[in-house]
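Hello,

Here is the structure we talked about. Have a look at it first; my notes follow below.

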Amino acid sequence: MSDLPSKGPDFSKPLDALKACHARIRLECDRMCQLVEHMKSHGCDEEARQAGARLMRYFDTAARPHHEDEEEDLLPRMMTAATMGRASRLTRLVAEVATEHREMDRLWTELRAALQEISAGETFPLDALLVDGFAKLYTSHIVTEEANVLPLAEMLLSREDLAEIGVSMRQRRGITTEKA
């Protein structure tokens, strides 16, 4: 459950940055599932406390900006660029993405409370069903985005759109250089 060093995303390629974030989200969901199993055998030991703190740090600092990248920049620009034929499909996708983001936020609030207890050394059970539901929702959500939203974005968005999205992504994270 060690924390692997990672190279920051290249926001000059915002769709690639979103995909890289998806890969990291999958990894962190796997780590949360591993924490459930670890705690069954080892309880709330030092490794569990550190893992809980890392998970909180990641989801607190990465998930919300990622959702904002999509909801405030990517999807609105896609809606603007969509033709009438694609607009109804895209409208459904936008609604689905936003609804799933709200559900992930709700589940994260519950999980975060448990992880906070664990990181503080409290023997607090991490609800395996809640973790599993959170991980499955994220996995399904990412599949939808990577199979539908991102390919459509590649077709609809101009280089200028993508450059502006990249700038917004950097600003949202307080980054002033081209790469994170």
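Arginine 77 sits in helix H2. Bear in mind that this is a predicted model. Leucine 162 is 85 residues away along the chain, yet its C-alpha atom lies 9.3 Å from that of arginine 77.

Next, the nonpolar cores. The largest one has 31 residues. Met32, Phe59, Leu115, Leu126, Phe134 and Tyr138 make the most contacts inside it. Helices H1 (14–42), H2 (46–81), H3 (84–119) and H4 each supply at least two residues of this core. H2 gives the largest share, eight residues. Leucine 115 touches Met32, Leu35, Gly52, Leu55, Met56, Trp108 and Leu126, again leaving out residues up to four places away in sequence. Another core, of 21 residues, lies apart from the largest one. Ala87, Leu93, Val149 and Leu162 are among its members.

Last, helix H4, residues 128–156. At its start, a side-chain oxygen of aspartate 127 comes to within 2.9 Å of the backbone nitrogen of leucine 129. H4 has a kink of about 40°, centred on glutamate 145. What about its span? At 1.5 Å a residue, the 29 residues should span 42 Å. The end C-alpha atoms are 40 Å apart, which agrees.

Best wishes

Key:
Residues are numbered from 1 along each chain as its sequence is written. This is a predicted model: local features need pLDDT of at least 70, side-chain atom pairs count only at pLDDT 80 or more; totals for chains, interfaces and linings use all residues. Side-chain values use heavy atoms; hydrogens and water are left out. Helices (H or I, at least four residues) and strands (E, at least two) are DSSP runs, numbered from the N terminus. The expected span of a helix is 1.5 Å times one less than its number of residues. The bend at a residue is the angle between axes fitted to the seven residues ending there and the seven starting there. A polar contact is a pair of N or O atoms within 3.5 Å; within protein, one must be able to donate a hydrogen and the other to accept it, and residues adjacent in sequence count only if both atoms are side-chain atoms. A nonpolar core is a set of buried Ala, Val, Leu, Ile, Met, Phe, Trp, Tyr and Cys residues joined through side-chain atoms within 4.5 Å. Buried means under 20% relative accessible area, exposed over 50%, partly exposed in between (1.4 Å probe, protein chains only). Contact means heavy atoms within 4.5 Å.
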